[in-house]
Structures are given as C-alpha cells and as structure tokens.
Amino acid sequence: MIAAAAKIAGPHIDWAGLSPLVAVFAGALLVLMLGLARSRALRETVVPALSVVTLLVAGALAVGQWGERTDLIAGALRLDELTLVLTVLFCVAGIAAILLSWRHVAPREAAHGEYHALLLTSIAGMIVLVAAQNLVTVFLGLELLSIPLYVLCATEMRRASSLESGLKYLVVGSLGSATFLYGLAFLYGATGTTDFGAIAQVLADGGDLVTDPLLLTGIGLSIVGLAFKASVAPFHQWTPDVYEGAPTPITAFMAVATKAAAFGVMLRLFDVALIGASVDWAPALATLAAATIIVGNVGALGQSSLKRMLAYSSVAQAGYMLAGVVVASRLGLQATVFYLCVYLVMNLAAFAVIVARERETPLGDDIASLNGLGTSRPLLAWPMTIAMLALAGFPATAGFIGKFYLIDAAVDEGYTWLAVFIVVGSMISLGYYLRVIAAIWMTPGARTAPVPIAGADTPLLAGGAEEATGLRAQGEVVAVAVVFGVLTVVLGVVPSPLFNAVRDAGAALGLL
Amino acid sequence: MKLDLSIMLFIPLAFGVIGLFVPERAAAKVALLSTFLVAAYAVLYVVDFNSSSGALQHVTDETWIAELGIHYKLGLDGLNLFLVLLTGILWFACTLWAGFQEWEKPRYFYLHLGIAETAVLGALLAQDLALFVVFFDLMLVPFFFLTGIWGGAKRVQATMKLVIYTLVGSLLMLTAAVATGVLAAAGSADLSFAFSDLAQHPLASSSQEWIFLFFAAAFLVKMPAFPLHGWMPDGYRNMPLPVLALFSAVLSKVAAYGFLRICLPLFPDATQHFQTLMLLLALASIIYGSAMAFTTTEARLVLGYSSVAQLGFITLGIFALNSQGAQGAILQAFNHGLVVAPAFFIVALLADRSGGSEDIRDMGGIATRAPVLATLFLIVTFATLAMPGSSNFAGEFLILLGVFQSKIAIAIIASTGVVLAAVYALRLFIVTMHNRTGPRVESRELGVRDGLVLVPLVLAILAIALYPQFALKRSEPTVTGGTPTLALKATP
C-alpha cells in the first residue's frame, strides 16, 4: 500500500532545496509574460526590476540553505555549499548584467521580456549545471545555459558583428556540446553508470579500468568539450570574436558566469567523479593549463579593443583556474572557487567601465576611449585602475590573494612548475594591463570643444573622444563600476568572509 | 594587540585619503603633517629602543588570513630601526621640498606619496614573509603613477620599463615565498609565514637554492645591481625629483634589507653556496657603477650610477656573512640614503642655475655667488666619497673589514671602489661648482625652501659622522647574537 503510494507520488522532491532554481524559473516566466504588455514603462522598467528582484530572491534563498548537504530529485542534483556559493555568484553576475543593460540598446531591439527571460533561463541552466550529480543532468544544464546565450549574443540585431558573434558562438558552442555529449556517452560505457558517486566508486574498485580505452576516450572528449565552454586553449579561438561582437553587458555576463559554471562542473566531474582516474586526466589538464596561460596572455598583448583584450585575459585567467582543478586537492578546489569569485568582482568592474565609455564616446570599446579618464571621470577611472591592477595580481587587491591561493595550492601538491607558469603569465600580462592604466592616467584626453557631428552614423575619427557625444553614462552603470571596484579592494584586504564560504564549499566535496 | 607600530604604518595612507577631500591648496599641508608625524614617531622609536636587546620590540602579531597562515606581524629590531628612521626623515624632507612646487592634480600626487610611504614602512616592519611580499610589491604601484603622471618627457615608457623589470623580480619572489611557507609547513601541521616560524623549519638545501635565486633576483632588480639595472637610466631620467630622491635613497635600501631579513636567516645553506656569486656581482656593481658615474654627463645619472656602486658595497657587506659586514651594511644603507637625497636636491638647484639643463657640461662656476650651497654640496660630496671622519667611512671600513675576513681577494679589489668613489664624486663637484662658468649659468644662493630642506639633512650627515656609534650600538645585538635572527657563520 505504502509502496504503491510512493510509486504514484514519484521521487521525493525537496522543494526547499530546489527553491533558488524554482524562483529563477518562475521569474523567467513572469518576465516573459510581462514583456507582452503594451505599456512601455512596464516593459522598460518593471521587467528589469522584476528580474533583479528574482535574482535577489534566488540568491537569498541560496544563502538560506547554507549548511544543507543533500541530494535532490533522486540524486540528479546535489545541494551543497559549492552549488550555493556558485548560485550566489551567478545571481550577482546576473544582477550586474541586468543593471548594465538597463537602457542599453540590446534589450530594446530584442524586446525586453525575451531578453530578460533568456538571461534568467541561462542562469537557471548554470545552477543546474553546477549542482548536477550525474552525466545526464550535466548535459541538460549545459544546454540550458548555452542556448539562451547564443540568442543573447545576437540581440543587437542591427549590428552585423553582434549577429556574427551569436552565430559563431552557436556553431562553436554546439560543436563543444556535441563533443562533450559524446565523451559522456563513453564515460557511461566504460563505467556503466551515470551517477558521479557511482562512477567514483567503480573507478576505486576496478583496478585496470584507468587504462581502459573507452574511459580514456571518454575523458579526452569531455575535456575537449568543457575546454570549449571554459575557453581553454587551444579551444579558445571563438572567445575574442564572440566577446567583441556580443552586447557588452552580455559579454560581461558570459565572461564571469559561464566561466564559473564551466569550472563548477569541472570540479565535480574531474575532482569528484573521475578522481580515481586522475593519472589519465591530470597531465592533460596540466598541459592545457600551461598552454592556456601563455596563449591567453600573449594574445592579449597587441589588442586595442578592450573587449578583445579582456577576452584574451579571460582565457589566461581560465588557465590559472585550471591549475586549481589539476591539483585535485581540497586546497586546489578552494583556490579555484575563490578565484572564480575574485574574477567576477574584477571583471564586472572593468566591463561596467567599458559599457559607460561606449555610451559616452564614439570610440566604442577602443582603448583610446579611456584616454584622460583620470582627469575627466575619476569615478570611472578608479574602478578600472583597480580592476587592472587586480587582474595583474598586485597586492592589496583581491587578485593578489586569489593568485597567492592558487600558487599555494599548486606548490602544495608538487606542481611548482605550474605555479611558475602562473607567475610567468602574470609577468606577460603586465604588458597589456598597464597599457590601460597608462591610457587612463598618463595620456591626455582630447580636450577639443564638442564638434557638431555631421550625420549621426558618420564614424568619428580618433582624437574626438573626450565627451564628444556630450553624454554621461547613467548612474547605475557607474554604480556597478564603483561597487565592484570597492569590493576588489575590500576582498584584497579582508578576504576572510570569502575564505570561510569557500572552505565550506571545499569541505562539501570531501576531497583531501 | 599593540597599536603603536600600526598607527605609524597607516598614518600616511590615511592622511593621503583625507587629502582627497580637502581643497587642492591644502593637500600639501595635510601630507606634510602626516610625514611629520611619522618622522616624529620614528625618532621616538629610536630614542625608546632598548639597545641591549637583539629581540623584536613593539611587536604586533595578529592573524590576517588564517587559511593561508599569513600574520599581520610587525616589529622593530636592530636591522630595520634605522631604515625606518631614514624613511621617516626623508619622506618629510621630500614632501617639504615637493610642497614648494606646483603639481598638477596635487591631491593624487600626495595620495600616491602617502601610499608609497605606508608600503615602504610596511615592508621594513613586516615580520611575516607574505606580509613582506605584499608591501614590497605594493611599493611599486604608487611609483608607477608618480613617474607616469608627473614625470619627464618619456615618462610612460620609463615607468612601464620600471614596473615590468621590478615586477618580474617580485613575482618570482612571490612564488618563492609561497614555496618557502608550504615546504616549511610540510613537516608540521600549520602553514605559517611568520619569520619566527619559518626559521624553525629550515628547508632542504636543494629547495633553498632556487628559492634564494628567486629572492635575489627581486632584490637585485630593485637595488639595482649590475646586470639587472636596465630600467635605471630611463627611470631616473624621468622621475620627478622628490620622487627620485625617495626611490634612490629609500627603496633601494628595502631591497638590501630584504637580503638581511630573509635570505640570510631563512636560507643559510643557499647563502653559503652563492656567497661568491653574490660577492662577484657586488664587485661588478661597484666597478661598473663607478666607471659609469665617472663617464656620464647627466648629473642625475652620475648619482644613479654612484648608487649602483654604493649598493654594491652594501651587498658586499651583507654577503661577507659576518657581523662586521652586516653592521657595516646597515650603517652604510642609512648613510647612503641620508647622502643621496640631498645630492639629488642639489642637482635640482644646479639645474635651476644653469638654464634648466641637467647636463654637467652646461654647469660650472656655480660656486662663485653661492658659497653656502657650495659648502653644503662639499659636505655631501665628502660624505659620498667616504672621507675619513664621515659616517660613510665607518660604514665602508666595516664592510671591507668584514670581507677581508671572509674573501681577501675580493676585498682587495673592492678597496679600489673607495678610490673610484672619490674620483666620480669630486668630478661632479668640480665640474659643476668650479671650472669655467657655463654658457647659461646664473649663480645665485639657495632660497628659503632649499635651505629648509638641505640644511637639516646636511646637519644629520654631520651628526651621524660625529657619532656613528649611535647607529652601530643599536644594531649590534641583533646582528651579533642574543637572538638567532641572523644565522651568520664565520667562514674560514
């Protein structure tokens, strides 16, 4: 009788545990409906506001679950501090992206309801992905996160490069997904199970499974698939083009949130499920990490587009974080998660400044748009300066602590050579981060009187930068820049709260 | 938790931030007040210093980042006491000098000067390896801005070069520092970067060697020492003058201090192993620096290269690996800072009087109507060339004594450096002050501002010349024993 009732009722569902995910989905649906309203005020103000509220609620629900460690929906998802800390991270990135795109051209062209609903769906996909506890859910989450992003990249419909960016991302992203799916199939074939815990168990039991070609192929293909998503060299070539073409708020979101999601799943897949086969993947991932650090940093050197530069810089940073995955220790996991949080803060500050300057000058995201910013807009100049110093790893910023932690983790597990790669990468990176600071503080802005622009679509030649459009970026963009700039310094001086959160996440996965 | 060192440490930073919110005209006064307070604090510490103890005094020890084993630990002992005093005095003098000048964006200028002073004091006071690295790297940021925004014609290139050179060294040091902590903790349970904890877990010789080299690279670039000085000419040409005086007088000493504080006690085996290499590098710096100082015609670079030579002497003393050498190095670090800062100011005064050119061929005959200036310059020159009776003489004497005891051949060659110093220092004095009057030279006496800065500094040089024992007595217990701070082994 009881058994029959249970059968009808289906698996037990812990709604409290699922609440952040439910909130995001509900918000997405609501926003999509509201976007159909006729009232312009409703569409342009209430929709973004509601999306922010949704993410605030989801973030708060996630924080409320802190300390829970359970399986959800019959072991499909895992609720632990790693899921929660990354959920909060996605919500923060989402809120920042919404604030940056409020009054931006992209949501206007793509309809507000759809734009925000897609963004929220993508966040839901990320939450599913980092919580995934078996191979099927992983793929579900990956697609749920990717497909909305393909569309979002192309939301500036009247700009060819935005469409190009979306299309390129779609093609490359699908290739990555397909490769990954193929890899997952091989993993299932080799181990006979899709559950992460069971895979780890099988690997621990079966002695010669680690040399099984089926498993090796599976591992190889999933590395390649995830490398596409996390823009790890040599699978990073799409990154600069897509980042440059996409609307800047979406670029910011992709740079921080997608990366965090990809690393979240890597931590679970490699450091938990496949930990028994680390002899197979550790050398491969270590090589990729070293290559990524060098390729990313060298690629960024000659860029004059800030978005392209940050794209290459994000490739390099992915290499640093991959080092944390490779060491496969608790310290490594904590260092990776810590760096993901720090990376979010630094990059959002930088991207907010780029958004502001895109609106204020006709130079777009060219580095020249920052000339003389130190004198004309100190509120934008300081966050950008701090972000660049932090990305380069200067002390008293969060970036320094993050790098220190990663090097600590690498050396602790005997990967000193990888630590040296991180350091060499940082040296190269000075070449481009300092150029930005020099543009802000040491290059005079053109102080010519605003020239009347003949025909709105005539591209302005270089030199007419300073305030030529007579526009000032809206308050919310400056606020995002300032808040994340301040956070970068605060986390660099008082990192302990973040350390505590990260330590819980590390403990949750049960690594040594 | 004892607050006093922290208060001194963060006064410049706090006042720099306050300075952002006052009217532009008042920014210099706020900065002056803060540097005065720090200088006063430093003097009080010297007076209050218990010179019979070699142990750390005024210790502050808090856990900063528990997960990484980083402590916020500060302390004073014989090694850093006089460098802290030097920092306090020179920052006050340079801020005073800068205050008489108009600067674009003065609030930011003084903010960066404040950050720089906090960073330098932090590096000197830190008793935790990670904390030292934090402050050591932080020193670079304000100087990047100070050079890049307020510097000379090629300031951006110069500052890039400066930062990239020094940060390459610093990042290697970061890896080495992390490795030191991790490897030292391998035997025990807890990760800790405090010097006192690290000293109790000596590393294996093989690890010590690469770690030592990484640290040495960072310090030698910062000094700068002979093969790693590539950033120096451009950097010195383009730094604004008060900033240059600080950089040359104080920052180079932090690097030398790093050897004494970190390399010698923590990596004793590697120090022994690389002693000859370091001595040879020091020797090369002395000879190369002296030769360049003698041949270059840019007044700033004469002083720049002379600093290379002087820092060579200090390195020589450190790597004599005995107490005379170490004491001489500490004394000489203090002396050189005290001498080179007024020398840079004098160069600025000379340039004022010769139509703005800093080329010594355009100068000459400036002494005719400026006897006071000439006298002050002469005293500084005598101190630079280590005239017997000057404190520099005592310093160099101790250094050479130390090296004679460990490596005679090197000591003999190094002694010629003393002669070379006389050659380039006197050349600078004679060519600028006497000789034929330069084409655009208008000799005039020094003004109120110049006197206000120069006279006290020269008096300080005289004071320490009369009584170098004052410094030696306080550094002696730390260097020679009582505590195992310095694992100095006398080599046969």
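The model is predicted, so to speak of local features needs pLDDT of at least 70, side-chain atom pairs count only at pLDDT 80 or more, and totals for chains, interfaces and linings use all residues. Residues are numbered from 1 along each chain as its sequence is written, while chains are lettered from A and ligands numbered from 1 in the order in which they are written.

**Helix H10 of chain A**
- Helices here are DSSP runs (H or I, at least four residues), numbered from the N terminus.
- Just after H10(A), Ser231(A) takes a positive phi of about 45 degrees.

**The largest nonpolar core**
- A nonpolar core is a set of buried Ala, Val, Leu, Ile, Met, Phe, Trp, Tyr and Cys residues joined through C-beta atoms within 7 Å.
- The largest one has 410 residues, and Ala323(A) and Ala352(A) have the most contacts inside it.
- Helix H15 (residues 330-360) of chain A gives the most to this core, with 22 residues.

**Confidence**
- pLDDT is the predictor's confidence in each residue, from 0 to 100.
- Chain A has a mean pLDDT of 87, and 92% of its residues reach 70 or more.
- Over residues 448-469 of chain A, the pLDDT is below 50.
- Where pLDDT is low, the predicted coordinates should not be read in detail.

Note on methods:
Helices (H or I, at least four residues) and strands (E, at least two) are DSSP runs, numbered from the N terminus. Two residues are in contact if their C-beta atoms, placed from the backbone, lie within 7 Å. A residue is buried if 20 or more other C-beta atoms lie within 10 Å of its own, exposed if 12 or fewer, and partly exposed in between; C-beta atoms are placed from the backbone.
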